[in-house]
Amino acid sequence: MNWTNFHTHSHYCDGEGHLEDYIRKAINKKMFAIGFSGHAPVDFNSYWHMKKESLDEYLKEISDLQNKYSKYIRIYSGLEVDYIPGIIGPENFRERQLDIIIGSIHYVGQFENGENCSIEDTKEEFDRGLEAIFNNDIKKLVGTYYARMISMIRNDPPDIIGHLDIVKKKNHHNRYFHEEDKWYQDLVTEVIKAISDSNCIVELNTRGYYKGFTREFYPSKWILEKCLKYDIPVTINSDAHHPDDIDNSFNKAASLLLNIGYKHVHIFDMGNWHKVSLQENGLEI
Ligand SMILES: [Zn+2]
Ligand SMILES: [Zn+2]
């Protein structure tokens with residue numbers, strides 16, 4: 001159906017499949033647009049970011065494919081950029097003239113050896129960081145996560161806020177915290193207020209849900225309800241790491257948004273973001 005997805009990862013970073021595989025799949029599914037958002041290169045060791053030397057080739061391939069498939073689908077260039085204050089952020093990639101920058105927080109704090117602590121990779125790393133960096137105080141870890149997000153929104157705003165509440169990824173069965181807790185809701189509310197003062201768009205990211213990492217989408221329903229209250233624009237993305245996931249759970253995401261009261265989503269097209277009408281089985285474009 002007439003979907004768009006601006007959050008996809010190919011073999012250039014930690015995804016499977018070539019860019020063209022994604023495009024063919026998207027055309028098969030009669031999607032309106034697809035955006036590529038490889039993990040932007042970083043200056044530290046990482047197995048899941050794009051290599052610095054691949055970036056030019058990645059952008060060139062996107063541009064070639066735009067020409068090749070221009071009759072069939074809109075194709076947009078982008079990166080998912082980590083925000084680590086003083087180390088990396090969307091501003092490092094603005095000169096590349098990308099169509100879309102997704103800004104994401106995957107790390108909070110550093111270990112003594114200078115290694116960044118990921119909050120969404122393994123539970124072992126999460127636990128190690130919680131103990132070594134945050135003295136086993138989950139409020140401090142979560143507080144740092146959302147403080148980083150606010151800093152990104154205010155100082156280096158991306159087009160899209162990536163998976164807003166991915167800090168819940170390891171929180172199965174409320175192992176670390178309850179989303180109903182006031183301290184947690186207060187932190188998220190501060191983020192939503194910051195977003196409402198910016199031009200950032202929030203993505204409803206279906207990946208945690210369809211991979212079985214989380215019970216709900218990123219972000220949770222109550223957060224989306226709050227976003228609507230603050231009139232914050234949303235877009236639906238699947239954070240696909242395989243072409244088969246290009247529209248995974250989009251119908252469910254659309255019904256959730258409609259159920260909450262969202263009547264529109266935002267899509268990128270021809271250099272700008274536009275508001276389009278949302279239906280359960282696709283967008284009215
Ligand atoms: Zn991410
Ligand atoms: Zn991603």
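I started with Tyr 58, which counts as buried at 1% relative accessibility (buried is under 20% relative accessible area, exposed over 50%, partly exposed in between, with a 1.4 Å probe and protein chains only). The model is predicted, so I kept in mind that local features need pLDDT of at least 70 and side-chain atom pairs count only at pLDDT 80 or more, while totals for chains, interfaces and linings use all residues. Residues are numbered from 1 along each chain as its sequence is written, chains are lettered from A and ligands numbered from 1 in the order in which they are written, and side-chain values use heavy atoms, with hydrogens and water left out.

**Entry: the core**

I found Tyr 58 in helix H2, residues 55-69 (helices are DSSP runs of H or I with at least four residues, strands are runs of E with at least two, and both are numbered from the N terminus). Leaving aside neighbours within four places in sequence, I listed the contacts of Tyr 58 as Tyr 12, Leu 19, Phe 36, Ser 37, Gly 38, Met 50, Gly 78 and Leu 79 (contact means heavy atoms within 4.5 Å).

Next I looked up the largest nonpolar core: it has 93 residues, and Tyr 58 and Tyr 146 have the most contacts inside it. Such a core is a set of buried Ala, Val, Leu, Ile, Met, Phe, Trp, Tyr and Cys residues joined through side-chain atoms within 4.5 Å. Helix H4 (residues 138-155) gives the most to this core, nine residues.

**Entry: H4 against H5**

How do the axes of H4 and H5 cross, and within what distance do they come? I read roughly 5° and within 9 Å (axes are lines fitted to C-alpha atoms, for helices over the stretch in contact, and angles run from 0 to 180 degrees between N-to-C directions). That makes H4 roughly parallel to H5, the word for angles under 35 degrees.

On the H4 side I noted residues including Val 142, Tyr 146, Met 149 and Ile 153, which meet a set in H5 that includes Tyr 184, Leu 187, Val 188 and Val 191. The residues of this contact divide into 13 nonpolar, one polar and three charged.

**Entry: the zinc ions**

I then turned to the zinc ion (ligand 1), which Glu 80 (OE), His 106 (NE2) and His 163 (NE2) coordinate at 2.1 to 2.2 Å. Donors here are N, O and S atoms within 2.8 Å of the metal (3.2 Å for Na, K and Ca), and water is not among the atoms, so sites may look incomplete. The donor spacing in sequence is E-x25-H-x56-H. His 106 sits in the loop between strand S6 (100-104) and strand S7 (107-110), and His 163, 57 residues away, in the loop between strand S9 (160-161) and helix H5 (182-196). Both histidines, His 106 and His 163, are buried. The zinc ion (ligand 2) is 3.5 Å from ligand 1, and Glu 80 coordinates both.

I checked Asn 135, in the loop between helix H3 (123-132) and H4: its phi is positive, about 55°, although it is not a glycine. Asn 135 is exposed, at 64% relative accessible area. His 173, in the loop between S9 and H5, also has a positive phi, near 50°, and is exposed at 79%.

Last, I noted that the peptide bond from Tyr 218 to Pro 219 is cis, with omega near -10°. Pro 219 lies in the loop between helix H6 (207-210) and helix H7 (221-229).

Methods
Parallel < 35°, antiparallel > 145°, perpendicular 65-115°, else oblique. Nonpolar A, V, L, I, M, F, W, Y, C, P; charged D, E, K, R; others polar.
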